[in-house]
Amino acid sequence: MRAVIVAAAVAFIISLFGTPVAIRVFTALKAGQPIRAVGPATHQGKKGTPTMGGVAFIVATVLAYVAGHIALTTLPTEQIAQVQPTMTALVLLGLFVFCGAVGFLDDFLKVRKRNSSGLSAKGKLLGQLLVGGGLGIAALYVPSTNGQTVASEHISFIRDISFLDVGKVGSVLVFVFVIMSMSNGVNLTDGLDGLATGASILVLGAYSLIGFWQYRHWCGDDTYARTANYCYEVRDPLEVALIAAAAAGACVGFLWWNTSPARIFMGDTGALGLGGLIGGLAMATRTTLLSIIIGGLFVIITMSVVIQIISFKTTGKRVFRMSPLQHHFELAGWSEVNIVVRFWIVAGICTAIGLGLFYSDFLAVMG
């Protein structure tokens with residue numbers, strides 16, 4: 001627990017004091033956010049606000065991960081052996097960094113071209129596909145000494161669903177789908193000051209709790225626990241808790257500067273990175289389908305875009321004034337702050353329901 005707290009605290013401090021440095025650097029580089037002409041008119045006042053702020057909390061998370069492992073050196077030797085840097089950390093931090101790199105390229109092109117086009121949709125999806133595919137292969141084909149892999153060959157809800165075995169190849173495809181879906185979901189949610197950051201903090205906090213709970217009830221090499229079926233068949237759950245807590249802490253520090261009126265935007269750098277990490281956490285904790293509930297706000301906002309596109313292409317009519325959903329409420333007259341706070345409440349309810357289902361499963365198994 002100490003390592004998890006240290007990682008979260010270090011990430012928060014680095015992000016809180018590092019983000020103003022990023023603001024000054026990106027301002028000096030004239031890396032201002034271009035604003036779409038077709039968006040809400042109120043957004044034109046945000047033109048020129050520094051973007052690519054996701055760099056700050058991604059760097060803070062990686063450094064905090066190192067700090068968390070330094071804190072682990074005070075543990076007994078037999079415990080340290082279980083929590084050294086692992087393939088789980090490589091996959092999760094790799095998703096955070098490399099999905100963020102795809103977003104960084106998109107942000108860079110937007111800034112360079114001085115318009116909101118950036119990387120093409122196909123280019124962005126190709127980048128996500130390559131990152132998800134490469135790390136998905138590592139997650140499925142590189143087992144630990146006890147044969148456990150980062151991701152599972154089964155579709156999972158709160159645990160693996162035994163009769164939904166899709167094999168290694170199928171699981172890599174599922175892995176890629178989850179990463180792409182979640183990264184684009186967070187990206188669509190980003191658009192109002194602090195909205196995606198606050199929602200991500202709630203989801204990452206939930207996964208930190210799930211990871212730590214799985215660590216406290218981890219099968220590991222405990223044959224009796226595995227037979228009794230009250231433990232979790234996952235790999236490196238303490239790593240999961242530590243990384244999720246570090247990312248949550250880094251986002252809290254970033255939110256200080258990203259809340260309305262935002263001094264800096266996370267950009268696609270942050271949004272794609274966060275989505276990739278959250279998708280990876282879902283796969284690593286064997287909660288793939290549960291992530292639909294935990295990340296419910298991202299799902300709702302993504303579905304608003306899907307519904308709008310389908311409706312317009314099939315009937316020529318729009319269901320919402322504008323999509324994603326947050327812009328519909330802007331055009332309906334809600335203030336930006338009201339939308340953000342109310343959407344945070346929705347995100348909090350979704351994460352609470354997800355955690356409730358996760359814990360109720362444990363009670364059912366124990367009972």
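Modeller: The model is a predicted one. It holds one disulfide, formed by Cys219 and Cys231 with their sulfur atoms 1.9 Å apart. The link between Cys219 and Cys231 is right-handed, with 90 degrees about the S-S bond. The pair links distant parts of the chain, 12 residues apart: Cys219 lies in the loop between α7 (195–216) and α8 (223–228), and Cys231 in the loop between α8 and α9 (237–258). Cys219 and Cys231 are both buried.

Cys99 takes part in no disulfide; its nearest cysteine sulfur belongs to Cys251 and is 14 Å away. Cys99 counts as buried because its relative accessible area is 2%, under the 20% cut-off. For Cys350, the closest cysteine sulfur is again in Cys251, at 18 Å, which is too far for a bond, since a disulfide needs sulfur atoms within 2.5 Å. Cys350 has a relative accessible area of 13% and is therefore buried.

As for the setting, the protein has 14 helices and two strands, and 55% of its 367 residues are buried. The C-alpha atoms fill a box of roughly 60 × 50 × 35 Å along the principal axes. Of the contacts between residues at least 6 apart in sequence, 76% join residues at least 24 apart.

Note on methods: Residues are numbered from 1 along each chain as its sequence is written. This is a predicted model: local features need pLDDT of at least 70, side-chain atom pairs count only at pLDDT 80 or more; totals for chains, interfaces and linings use all residues. Side-chain values use heavy atoms; hydrogens and water are left out. Helices (H or I, at least four residues) and strands (E, at least two) are DSSP runs, numbered from the N terminus. Buried means under 20% relative accessible area, exposed over 50%, partly exposed in between (1.4 Å probe, protein chains only). Contact means heavy atoms within 4.5 Å.
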